[in-house]
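I would ask you to keep the sequence and the structure in view while I speak.

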Amino acid sequence: MAHYLYSKKELPEGFKYPLSFLEIVSKKDVLDLEPWWFLYEFEDFAKHWLFEIKKQYPTRKLIPFAKASNNDDIVCFDGSDISGNPKVYFVHTFATPGWEDRGSVYSFDEWLRQAKEESAQYRAGRAKLDKV
């Protein structure tokens with residue numbers, strides 16, 4: 001099954017995905033980072049969230065790429081960055097504009113490192129609950 005990436009028409013002019021993100025997308029197996037999941041797994045969800053983010057925060061150029069399964073948080077590339085290594089924003093969807101910002105990290109690689117740590121903690125917590 002091919003993974004879905006937004007078309008050039010859907011992306012802000014000049015935007016380039018980070019190479020490390022494209023490497024992950026190119027792999028057959030999807031990287032499991034529960035509670036995070038990558039939007040490229042599901043074209044319909046990816047398109048939905050791109051539309052939803054544009055609708056909710058029209059003054060920002062955000063390109064969603066992963067969603068938390070345990071809350072309304074989504075992570076987005078800075079679509080105004082044309083360097084090929086855009087900042088990553090944590091966005092709390094459905095918040096009033098101006099209140100959606102949950103912080104940022106300097107790169108996809110930094111987000112990925114944090115997401116792996118968060119995933120390990122999340123799984124450890126679930127394992128403890130399963131034993132109760």
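I shall begin with the largest nonpolar core, which holds 37 residues; among its members, Phe38, Phe65 and Trp111 touch the most others. Please bear in mind throughout that this is a predicted model. Which elements give two or more residues to this core? They are helix 1 (19-26), strand 1 (36-38), helix 2 (43-56), strand 2 (62-68), strand 3 (73-78), strand 4 (88-92) and helix 3 (108-131). Strand 2 supplies the largest share of the core, namely five residues.

Let me stay with strand 2 for a moment. Seven of its seven residues are buried, so strand 2 is largely enclosed by the rest of the structure. Setting aside neighbours within four places in sequence, Phe65 is in contact with Phe21, Trp37, Phe38, Leu39, Val75, Cys76, Phe77, Val88, Phe108 and Trp111.

Five strands make up an open sheet, ordered 1-2-3-4-5, with antiparallel pairing. Which strands stand at the edges? Strand 1 and strand 5 (101-105) do; each has a single partner strand, so one side of each is left without a neighbour in the sheet. From one strand to the next, the twist averages 30°.

Helix 2 packs on this sheet, where it touches strand 1, strand 2, strand 3 and strand 4. The direction of helix 2 makes about 120° with that of strand 2.

As a reminder, strands of a sheet pair through backbone hydrogen bonds, in either a parallel or an antiparallel manner. Here, strand 1 and strand 2 run antiparallel and are joined by three bridges. Within that pairing, Trp36 stands opposite Ala68 in strand 2. Strand 2 and strand 3 also run antiparallel, and five bridges join them. A hairpin of four residues connects strand 2 to strand 3. Across this second pairing, Leu62 has Asp78 in strand 3 as its bridge partner, and Ile63 stands opposite Phe77 in strand 3.

Not counting residues up to four places away in sequence, Asp78 touches Phe15, Lys61, Pro86, Lys87 and Tyr89. For a distance across the model, consider Asp78 and Tyr4, which are 74 residues apart along the chain: their C-alpha atoms are separated by 19 Å.

My next topic is the aromatic residues. The structure holds 23 aromatic pairs. One of these is formed by Phe15 and Phe77; the pair is tilted, with 6.0 Å from centre to centre and 40° between the planes. Phe15 lies in the segment before helix 1 and Phe77 in strand 3, so the pair ties together parts that are 62 residues apart in sequence. Phe15 is buried at a relative accessible area of 9%, and Phe77 is buried at 0%.

A further pair consists of Phe38 and Trp111, and the geometry is edge-to-face: 5.9 Å centre to centre, with 75° between the planes. Why does this pair tie together parts that are 73 residues apart in sequence? The reason is that Phe38 lies in strand 1, whereas Trp111 lies in helix 3. Both Phe38 and Trp111 are buried. These two residues were also named at the outset among those touching the most other members of the core.

Ring pairs go on to link Phe15, Tyr17, Phe21, Trp36, Phe38, Tyr40, Phe65, Phe77, Phe90, Phe108 and Trp111 into a cluster.

Ser107 is buried, with a relative accessible area of 11%. Leaving out residues up to four places away in sequence, Ser107 touches Asn85, Pro86 and Val88.

How values were computed
Residues numbered from 1 in each chain as written. Predicted model: local features only at pLDDT ≥ 70, side-chain atom pairs only at ≥ 80, totals over all residues. Heavy atoms only, no water. Core = buried A, V, L, I, M, F, W, Y, C linked by side-chain atoms within 4.5 Å. Buried < 20%, exposed > 50% of the residue type's maximum accessible area, 1.4 Å probe, protein only. Contact = heavy atoms within 4.5 Å. Pairing = 2+ DSSP bridges. Axes fitted to C-alpha atoms, helices over the stretch in contact; angles between N-to-C directions. Phe/Tyr/Trp six-rings, centres within 6.5 Å; stacked < 30°, edge-to-face > 60°.
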